[in-house]
Amino acid sequence: MNHIVRERRLLNVWIVRASVTACVILILTGLLLFFVHGSQMPAMPAGSLLHILHGIVLGGLSWQASAFLDAGLLILLLTPMVRLLAGVYVSLRMRDWLYALIGLIVVALVVIGLLAGQSGV
């Protein structure tokens, strides 16, 4: 049991470190591109999540500063969701059904909220 608790902590630490590192690299790259190119202020991303992701990929391929800034912020915003999913995974491995069920309910509520926000409800 103690081994799995340690695994949960290490997984959470790894997720936070990886996401913060990726976020910092992407945002610093975006800022560097913004200052080097001397372009206008990046616009706020709008539209559906798929539209934003499509813009990030296309903008990243053409080295647009706003794409890197948006990607960094998106990673930062999705980090708690990834930690929650990792917690559900570890709980299922521990056979802690109650915590896994609560985690899955929270994931479902977040997804429903995201989809409702995308549809304008």
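**Close-up views of a predicted model**

**View 1. The largest nonpolar core.** The largest nonpolar core comprises 9 residues, namely Leu26, Leu33, Phe34, Ile52, Ile56, Ala65, Phe68, Ala71 and Leu74. At least two of its residues come from each of α1, α2 (49-61) and α3, and α3 supplies the largest share, 4 residues. Such a core is a set of buried Ala, Val, Leu, Ile, Met, Phe, Trp, Tyr and Cys residues joined through side-chain atoms within 4.5 Å; buried denotes under 20% relative accessible area and exposed over 50%, with partly exposed in between (1.4 Å probe, protein chains only). The model is predicted: local features need pLDDT of at least 70 and side-chain atom pairs pLDDT 80 or more, whereas totals for chains, interfaces and linings use all residues. Residues are numbered from 1 along each chain as its sequence is written, and side-chain values use heavy atoms, without hydrogens and water.

**View 2. Surroundings of Leu26.** Leaving aside neighbours within four places in sequence, Leu26 is in contact (heavy atoms within 4.5 Å) with Phe68, Leu69, Ala71, Gly72 and Ile75.

**View 3. Ser19 in helix α1.** Ser19 lies in helix α1; helices are DSSP runs (H or I, at least four residues), numbered from the N terminus. Ser19 is buried, at a relative accessible area of 9%. Its side chain forms a polar contact with that of Thr79 (3.1 Å); here, N or O atoms pair within 3.5 Å, one able to donate a hydrogen and the other to accept it, and residues adjacent in sequence count only if both atoms are side-chain atoms. Beyond neighbours within four places in sequence, Ser19 is in contact with Ile75 and Thr79.

**View 4. Leu28 in helix α1.** Leu28 lies in helix α1 and is exposed, with a relative accessible area of 53%.
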